[in-house]
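Subject: Structure for your files, with notes

Hello,

The structure we talked about is below. My notes on it follow, grouped by residue and region.

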Amino acid sequence: MSTLKLRSLFVLALLGAAIAAPAAATTSHPHDSFSVTNVRVFDGVHSIPHATVVVRNGEIVAVGQHVQAPHNLPEIDGTGSTLLPGLIDSHGHSRDRSELERSAQFGVTTLMDMWSLPQYVHRMKREQERGGATDRADMFSAISPATLPEGYPYNFTPDEIEEPTLSSAAEAEDFVDDRFDEGSDYLKLMIEDMSVTSPFTIPTLDAETVRALTRATHRHHRLAVAHVTKGALAQLAVDNGIDGLVHVFVDEPISSALVAKIKRKGIFVVPTLSVEESFVDGSGGAEVVADPDLGPYLTADEIAYLLSSPGLLTPENLAIAKSNVTALRAAEVPLLSGTDSPIYGAALHRDLELLTLAGLSPREALIAGTSAAADAFGLPDRGRIAPGLRADLLLVDGNPLQDIKATRRIQHIWKTGVEVERPLPSLFGAANRSAASSLSPVCGHGH
């Protein structure tokens with residue numbers, strides 16, 4: 001598939017597209033027991049200064065200022081550093097293991113996938129359940145989303161993708177049963193008419209069908225999340241039982257009444273500001289490429305993608321999206337960090353920064369990328385640093401509670417206590433980084 005077609009699908013569907021990534025090196029650190037001493041710990045909610053964290057057999061066994069590091073374990077001095085839970089990307093798309101490997105190489109140890117292939121998801125989850133997958137992010141998935149036969153996103157790929165659809169509320173129960181029978185962890189609804197990014201509209205799920213889908217999902221004791229980019233469709237989703245919105249809409253300011261209803265119903269929101277920014281111009285991508293802590297680890301294809309932009313959203317759209325996040329944050333609606341990006345791992349660090357630019361404190365942004373995501377998706381074994389939880393950990397230089405960009409200064413990444421290696425892509429050398437750093441902040445606008 002051509003780069004242009006990938007970009008087109010990604011832009012119009014607000015979905016991740018697969019791009020080339022380097023083959024990941026196998027982990028050469030078999031040990032999953034160690035301690036980190038004298039380190040600032042962000043435990044997913046709070047900060048603990050001068051703490052020690054002890055990991056045995058891939059599990060956190062002790063955390064605190066008065067914990068003694070066992071003499072028989074390797075010890076890492078965390079002076080001047082911060083230990084975080086492994087990051088969680090709450091909106092991704094993966095169809096190849098290399099994408100999950102790329103995620104882990106940037107400290108993203110869990111990816112909540114919003115559209116994939118059953119066979120691939122089954123294979124990845126078998127690895128996870130068998131205790132492997134120490135060199136890649138864990139994956140949970142909606143697999144096949146709920147949409148009409150002529151609806152989004154399949155209207156763009158009618159000859160290439162054959163996926164299950166439904167045409168009415170009467171089909172909702174069977175559709176939902178089939179999704180969970182095929183292994184979906186939650187249901188995603190595509191509530192999209194294309195009017196925000198195109199001069200035409202397409203049919204989308206109506207209120208009755210959305211209500212039937214969410215009720216059937218809740219009978220399975222699962223979550224129903226919705227893709228929406230338009231205020232009126234977000235209102236429809238909220239009114240009809242949705243548990244989470246996996247984009248913040250960009251066409252109009254959110255009303256105080258809708259904010260209050262979202263809060264009252266306990267709905268979480270994944271704003272995906274990083275992908276919305278990328279639809280405006282390449283300025284955010286250029287900053288990622290030029291970043292001394294992210295740029296050296298990007299591939300040539302990733303750089304090219306970051307520096308391009310379809311220009312289908314306006315700066316006004318992005319300003320609306322940020323103001324909507326600000327309003328949701330003021331009401332204490334749970335906000336999660338998610339990228340919907342083919343730039344696996346690196347894009348989440350930009351998304352965390354954009355959340356702070358929308359009014360979240362660095363601590364609140366870190367919560368959005370760790371414990372809030374784990375809570376929203378019902379993952380009690382991760383997203384925090386506490387005894388009994390898995391040792392998915394990220395050690396960074398500096399204090400991201402003061403400077404969110406410190407999440408990029410990665411020193412170590414562990415997946416269930418096993419260190420993840422970070423190979424430097426051979427196609428991206430010092431000359432490329434120097435060229436990228438000289439780019440204008442608006443590089444890529446209109447491409």
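A residue is called buried if its relative accessible area is under 20%, exposed if over 50%, and partly exposed in between. Pro334 has a relative accessibility of 36%, so it counts as partly exposed. Please keep in mind throughout that this is a predicted model.

Overall picture

The protein has 447 residues, and 61% of them are buried. Its secondary structure consists of 15 helices and 15 strands. The accessible surface is about 16,600 Å², with carbon and sulfur atoms accounting for 52% of that.

Pro334 sits in the loop that runs between helix H11 (315-330) and helix H12 (346-357). What does Pro334 touch, once neighbours within four places in sequence are left aside? The contacts are with Ile267, Phe268 and Val269. The C-alpha atom of Pro334 is also 8.3 Å from that of Lys263, although 71 residues separate the two along the chain.

Leu313 is in another loop, the one between helix H10 (300-306) and H11. Leu313 has a relative accessibility of 6% and counts as buried, because the limit for that class is under 20%. Not counting residues up to four places away in sequence, Leu313 touches Val196, Thr197, Val250, Glu276, Phe279 and Val280. Between Leu313 and Glu277 the C-alpha distance is 8.2 Å, and the two are 36 residues apart in sequence.

Arg382 belongs to the loop between helix H14 (371-376) and strand E13 (393-397). Is Arg382 buried or exposed? With a relative accessible area of 6%, Arg382 is buried. Its side chain makes a polar contact of 3.0 Å with the side chain of Thr110. A polar contact to the side chain of Asp138 is likewise listed at 3.0 Å. Beyond four places in sequence, the residues in contact with Arg382 are Ile88, Thr110, Asp138, Phe140, Ala374, Arg390 and Asp392.

Ser98 is part of helix H2, which covers residues 97-105. Its relative accessible area is 16%, which means that Ser98 falls under the 20% limit and is buried. The side chains of Ser98 and Asp96 make a polar contact at 2.6 Å.

A helix pair

Two packed helices are described by the angle between their axes and the distance between the axes. For helix H6 (residues 231-239) and helix H7 (residues 256-264), the angle is about 35 degrees and the axes are 10 Å apart. The crossing of H6 and H7 is left-handed. Which residues meet there? From H6 they are Gln235, Val238 and Asp239, and from H7 they are Leu258, Lys261 and Ile262. By type, the residues of this contact comprise 3 nonpolar, 1 polar and 2 charged.

Backbone points to check by eye

Most residues other than glycine have a negative phi, and most peptide bonds are trans. Some places in this model depart from that, as follows.

- Asn38, in strand E1 (residues 34-42), has a positive phi near 50 degrees and is not a glycine. At 35% relative accessibility, Asn38 counts as partly exposed.
- His221 is also not a glycine, and its phi is positive at about 60 degrees. His221 is located in the loop between helix H5 (207-219) and strand E10 (224-227). The relative accessible area of His221 is 74%, so it is exposed, the limit being over 50%.
- The peptide bond from Tyr152 to Pro153 is cis, with omega near 5 degrees. Pro153 lies in the loop between strand E8 (138-141) and helix H4 (172-181).

Regards

Terms used:
Residues are numbered from 1 along each chain as its sequence is written. This is a predicted model: local features need pLDDT of at least 70, side-chain atom pairs count only at pLDDT 80 or more; totals for chains, interfaces and linings use all residues. Side-chain values use heavy atoms; hydrogens and water are left out. Helices (H or I, at least four residues) and strands (E, at least two) are DSSP runs, numbered from the N terminus. Buried means under 20% relative accessible area, exposed over 50%, partly exposed in between (1.4 Å probe, protein chains only). A polar contact is a pair of N or O atoms within 3.5 Å; within protein, one must be able to donate a hydrogen and the other to accept it, and residues adjacent in sequence count only if both atoms are side-chain atoms. Accessible areas come from the Shrake-Rupley method with a 1.4 Å probe; for residues, only the protein chains shown count as cover. Axes are lines fitted to C-alpha atoms, for helices over the stretch in contact, and angles run from 0 to 180 degrees between N-to-C directions. A crossing is left-handed if the near helix is turned anticlockwise from the far one by less than a right angle, and right-handed if clockwise. Contact means heavy atoms within 4.5 Å. Ala, Val, Leu, Ile, Met, Phe, Trp, Tyr, Cys and Pro count as nonpolar, Asp, Glu, Lys and Arg as charged, and the others, Gly among them, as polar.
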